[in-house]
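Reader: I would like a close look at one part of this model, followed by an account of what lies around it. Please keep it plain.

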Amino acid sequence: MDLLDDNFLVKEPKNNCEIYFFDIETAPNLAHVWGVWQQNVGANQVLQDGYVLCWAAKWDKQPEIFFSSVHSATRKKMLQEIWNLLDEADIVVHYNGIKFDIPWLNGEFISEGLTPPSPYKQVDLMRVVKSKFRFARNTLAYVSVKLGLGQKVKHQGHELWIKCMADDTEAWAEMEKYNRQDVVLTESLYDRL
């Protein structure tokens, strides 16, 4: 199935095809560094590797948005839940997922002893936007507003991730809203394209 064509973007999938939209949020690596500009951080300077903090996902044309996090579940359970959804999907739709979300998840899966999910096709809307259109910026935030699809949830920036890593309950509520809205925007952009 060709998911990109010259008449724009995504051809309608076959009937009974399971399409799944998702987005992940990750914790940054923590490291000792001597500077902040063009640093080469050695492996022995890394105190803690980044990891998947949470994910949000939904099935095409279904209202329910699923969410799981290291705050609300064990790491293993959170990863198993998204693995189950990916394993069931025929097509996964994401924004910059080929370069970011999928490799992160695959690394987490293998670390937890999970096999790869069943094969699925991917629609990376960032690649679609970059290859077919010219916008001033290619971010989900910019393209969504430009096309009148809505906005990302405004938040406090990097501090939100730090607070979530410290297990701050209020920060987690904000992160969940943020992550869920990204999935809503991804589905809206897919439908528009």
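Where in the chain is the place of valine 33, in terms of β2 and β3?

Author: The model is a predicted one. Valine 33 sits in the loop that runs between β2 (30–31) and β3 (46–48). Its relative accessible area is 43%, so valine 33 counts as partly exposed, the range for that class lying between 20% and 50%. Valine 33 belongs to a nonpolar patch on the surface, which it forms with Val41 and Val46. Together these residues have about 190 Å² of accessible area.

Strand β1 gives another picture. This strand covers residues 19–26, and eight of its eight residues are buried, so the rest of the structure largely encloses it. Ile19, Phe21, Asp23 and Glu25 point one way from β1, while Tyr20, Phe22, Ile24 and Thr26 point the other way. Both sets are buried.

β1 also has strand partners. With strand β6 (residues 91–94) β1 runs parallel, and three bridges join the two. In that pairing, tyrosine 20 stands opposite valine 92 of β6. With strand β4 (residues 52–59) the pairing is antiparallel and extends over seven bridges. There, isoleucine 24 stands opposite tryptophan 55 of β4.

At least two lining residues come from each of β1, α2 (97–111), α4 (140–146) and α6 (169–192). β1 supplies the largest share of the lining, namely four residues.

Charged pairs come next. Side chains of opposite charge can pair when their charged atoms come close. The structure holds eight salt bridges. One of them is formed by the side chains of glutamate 187 and lysine 58, at 2.8 Å from N to O. Glutamate 187 is in helix α6 and lysine 58 is in strand β4, so this pair ties together parts that are 129 residues apart in sequence. Glutamate 187 and lysine 58 are both buried.

A further salt bridge links arginine 75 to glutamate 108, with the closest N and O atoms 2.6 Å apart. Because arginine 75 lies in helix α1 (residues 75–88) and glutamate 108 in helix α2, the pair ties together parts that are 33 residues apart in sequence. Arginine 75 is partly exposed, at a relative accessible area of 27%, whereas glutamate 108 has 6% relative accessibility and therefore counts as buried, the limit for that being under 20%.

Helix α1 also holds both members of another pair. The side chains of lysine 77 and glutamate 81 meet in a salt bridge, at 2.8 Å from N to O. The two residues are four apart in helix α1, so about one helical turn separates them. Lysine 77 has a relative accessible area of 46% and is partly exposed. Glutamate 81, at 25% relative accessibility, counts as partly exposed.

To return to the residue asked about, valine 33 is a partly exposed loop residue in a nonpolar surface patch, whereas the residues of β1 are buried.

Terms used:
Residues are numbered from 1 along each chain as its sequence is written. This is a predicted model: local features need pLDDT of at least 70, side-chain atom pairs count only at pLDDT 80 or more; totals for chains, interfaces and linings use all residues. Side-chain values use heavy atoms; hydrogens and water are left out. Patches are made of residues with over 30% relative accessible area and no salt bridge: like charges are joined within 9 Å, nonpolar side chains (Val, Leu, Ile, Met, Phe, Trp, Tyr) within 5 Å. Accessible areas come from the Shrake-Rupley method with a 1.4 Å probe; for residues, only the protein chains shown count as cover. A salt bridge is a side-chain nitrogen of Lys or Arg within 4 Å of a carboxyl oxygen of Asp or Glu. Buried means under 20% relative accessible area, exposed over 50%, partly exposed in between (1.4 Å probe, protein chains only). Two strands pair if DSSP finds at least two bridges between them.
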